[in-house]
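Thank you all for coming; please have the sequence and the structure open beside you while I talk.

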Amino acid sequence: MKTISENLAAIQKEILTSCLKAGRSPEDVRLIAVSKTKPASLIREAYDAGQIDIGESYVQEFLEKTASPELEGLPVRWHFIGHLQSNKIKYIVDKVYMVHSIDKLSTARELSKRAAAKNLTVDYLIEVNTSGEPSKFGLSPEELLKTAGSFFDLPSVTLRGLMTIASPDPSLAHEEFKLLANLLEQLRAKAPHPENITELSMGMSGDFEKAIDAGATMVRIGTALFGRR
Ligand SMILES: *Cc1c(COP(=O)(O)O)cnc(C)c1O
């Protein structure tokens, strides 16, 4: 079995290749290492190999890991990427670098409220259901464009862009990534501060090359780095 450090180097090389193929600058694509179900010791290995952006999906597990002896106090940038219920936001608001998975206006409002209570401004992304699969979370493209104005108005959060989880079918995935990129442009056209809204969080172990081709600025990779779950 390969070490985390070797996996990380291999993924970075693939990201670089994908960027060159797509005519993009590698500095414009950030790797988020997705560590759900994996122990803090493995995250520490990734951190020691230079990986600072870490993605977690479950609140309880996230809290345990941020407080674990292997990781406590390190300047890890914790990205929350899993489904987030409003009543859990208070536990994570002062620990996250960015929330990728805001899928309702009411959740964004709660994030803003909890951030204000701690004198923080929290960066977040809106999750969009680009595949239309009923099992997926996220606003539909129509809902996103219709309700965007209310997201811009929230005081203690900053909307940075959009996130999606694509269909398992790679050819469909590519179209869904392009749709998200198109929605980001439409969102920017409506935004009072379009310069803040630049992030496209899309692409996982199986489809990140296509996501980079379509404009991803953050790819969320778990399995290829930490192994099967
Ligand atoms: C688990 C997860 C990933 C990583 O998926 P892999 O296929 O293991 O790379 C990315 N994004 C989200 C939202 C996830 O839940």
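Before we look at a helix, one definition: the expected span of a helix is 1.5 Å times one less than its number of residues. Please also keep in mind that what you see is a predicted model.

With that in hand, look at helix H6, residues 141-152, which has twelve residues and reaches 16 Å from its first C-alpha to its last, close to the 16 Å expected. Which residues of H6 are buried? They are Pro-141, Leu-144, Ala-148, Phe-151 and Phe-152, and, seen down the axis of H6, these buried residues fall within an arc of 80 degrees, so they line one face of the helix. The buried residues pack against several elements, among them strand S4 (98-102), helix H5 (105-117) and helix H7 (170-190).

For context, the unreviewed UniProt entry places the feature "domain: Alanine racemase N-terminal" at residues 26-227; in this model that span is 38% helix and 19% strand, and its end C-alpha atoms lie 24 Å apart.

Let me turn to Ala-46, in helix H2 (residues 40-48). Is Ala-46 buried or exposed? With a relative accessibility of 0%, Ala-46 counts as buried. Leaving aside neighbours within four places in sequence, Ala-46 is in contact with Ile-4, Leu-8, Gln-51 and Phe-226.

Finally, the aromatic rings, where a search of the whole structure finds two pairs. In one of them, Phe-62 and Trp-78 sit edge-to-face, 5.8 Å centre to centre and with 85 degrees between the planes. Because Phe-62 lies in helix H3 (residues 59-66) and Trp-78 in strand S3 (residues 77-80), this pair ties together parts that are 16 residues apart in sequence. Phe-62 and Phe-80 have ring centres 5.9 Å apart and planes at 85 degrees, so that pair is edge-to-face. Ring pairs therefore link Phe-62, Trp-78 and Phe-80 into a cluster. As for burial, Phe-62 has a relative accessible area of 0%, Trp-78 has 7% and Phe-80 has 0%, and each is buried.

Technical notes: Residues are numbered from 1 along each chain as its sequence is written. This is a predicted model: local features need pLDDT of at least 70, side-chain atom pairs count only at pLDDT 80 or more; totals for chains, interfaces and linings use all residues. Side-chain values use heavy atoms; hydrogens and water are left out. UniProt positions are given in the numbering used here, feature names are shortened, and annotations may be inferred rather than shown by experiment. Helices (H or I, at least four residues) and strands (E, at least two) are DSSP runs, numbered from the N terminus. Buried means under 20% relative accessible area, exposed over 50%, partly exposed in between (1.4 Å probe, protein chains only). The arc is that of the directions from the helix axis to the C-beta atoms. Contact means heavy atoms within 4.5 Å. Rings of Phe, Tyr and Trp (its six-membered ring) pair if their centres lie within 6.5 Å; planes under 30 degrees apart count as stacked, over 60 as edge-to-face and the rest as tilted.
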